[in-house]
Amino acid sequence: MASGVSRVVEVLKKYEKELLTDWLAELKAGGTGNDGRVSETELHTQAKEFLGTLGEASRSAGVGDIERPEWSPVRDFLDGVSRARVTQGYSSDQTATFIFSLKRPLFKRLSKEIGSDAKVLAEETWTASELIDKLGLHTIKSFQKTREDVINRQQEEMLELSTPVVKLWDGVLALPMIGTLDSARTQIVMESLLQRIVDTGSEIAIIDITGVPTVDTLVAQHLLKTVTAIRLMGADCIISGVRPQIAQTIVHLGVDLQGVITKANLADALALALKRSGYTVTRNKA
Amino acid sequence: MAVTKSEVIPIRTEHDIVVARQAVRRLSVEAAFGLVDQTKMVTAASELARNTFIYGGGGTLQCESLLEGARRGLRLTFTDQGPGIADLSLAMKDGWTSGSGMGLGLSGAKRLVNEFEIESVHGQGTRVTITRWK
């Protein structure tokens, strides 16, 4: 394996400055740095730093295997660039172009350096091409990973967001439901409501469906089951947020909600809950 | 009757039901349906998309925006290559289900739209077409 003495390493060192200039020109021609998301100076710094770490890593460990520990500064640098590109809203191909734009300048210098020896040139071009491809793939991989991390975090945040059981009054709990109800999270939400009823000794639970855009038979079934479970525990349940269009749709679907107390909005439900608990609300006239 | 716009949505996962609902809502708004009609169409789509996913083992939803004279409408076609429905009249009965639902999906969807057509061949799949006019 000639990777230890590869001419690529030599070229990277000898022409660092020229490579930087050519690369930046290439990037600019490709459109990076023109839309104001990355400034020219920032791009310059990034490119310069990358060529620096690339040169160092290739000198100490060769260009055959970028998974070697000596290459870790280069990998870390690319991870950093990918992360920044994700937050700046770049697509994966735009991010990968950052690395792939280095190919042409590098090939140009290689051919100048090696000259007319076609066999050596072909070999070294192949080595360089492989190196750039590996670095590009690494960039895409870490770009993808950053994106996945963002999605996972948002999913977790959403699960947490969707289960707030609020105490409205002594003995009155409310569960404002938001979004899609026909997934596994409905189960979590309902379980936490039942648990809170036990924990607080509440007698009335209000499920508010104002934030649920569609009430189909599956959602209705979930609601009915929850109402039944709450009743079995000796508490009572009011469903609020039944808007006119939802009411009409439920009628056409043929879902029987008779026997379930429903209200158009949360305020009406709370008023009813207070009345049932024996409270009267009066205005203190000024 | 002219079809002004047509798109196909795959129904392969539970999440696709949500995607289908959102697409139907968007097209209902484009067809200038009122809020009640929008909700009816979206709910019917939700029922049928879930049937396609659960009983049909997945399939497709074709949405077509229609124009007939000055009247605008939306036609949805749910197709699957599942086991099909053995007894259609039984399946259309309120409260009857071969699964664990309420047994109101098919019959309820029919009541929510203007036109309803169902074709099913045992062992070959099911196709349900619904249309709602403004």
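Helix α2 (residues 35-54) and helix α4 (residues 105-112) of chain B pack at about 150°, their axes 9 Å apart. Axes here are lines fitted to C-alpha atoms over the stretch in contact, with angles from 0 to 180 degrees between N-to-C directions, and helices are DSSP runs (H or I, at least four residues) numbered from the N terminus. So α2(B) is roughly antiparallel to α4(B), a label for angles over 145 degrees.

This is a predicted model, with local features needing pLDDT of at least 70, side-chain atom pairs 80 or more, and totals for chains, interfaces and linings using all residues. Residues are numbered from 1 along each chain as written, and chains are lettered from A and ligands numbered from 1 in written order.

Now the chain contact and the cores. Residues touch if their C-beta atoms, placed from the backbone, lie within 7 Å. The contact takes 21 residues from chain B and 16 residues from chain A. On the chain B side, α2(B) gives the most, with 9 residues.

A core joins buried Ala, Val, Leu, Ile, Met, Phe, Trp, Tyr and Cys through C-beta atoms within 7 Å; buried means 20 or more other C-beta atoms within 10 Å.

| Core | Size | Residues include |
|---|---|---|
| Largest | 63 residues | A:Ala205, A:Ile206, A:Ile207, B:Ala45, B:Ala49 |
| Second, separate | 29 residues | A:Leu12, A:Leu78, A:Ile99, A:Leu106 |

Beyond its neighbours within four places in sequence, A:Ile207 contacts A:Leu175, A:Met177, A:Leu223, A:Thr226, A:Cys237 and A:Ile239.

Terms used
Helices (H or I, at least four residues) and strands (E, at least two) are DSSP runs, numbered from the N terminus. Angles under 35 degrees count as roughly parallel, over 145 as roughly antiparallel, 65 to 115 as roughly perpendicular and the rest as oblique. A residue is buried if 20 or more other C-beta atoms lie within 10 Å of its own, exposed if 12 or fewer, and partly exposed in between; C-beta atoms are placed from the backbone. Two residues are in contact if their C-beta atoms, placed from the backbone, lie within 7 Å.
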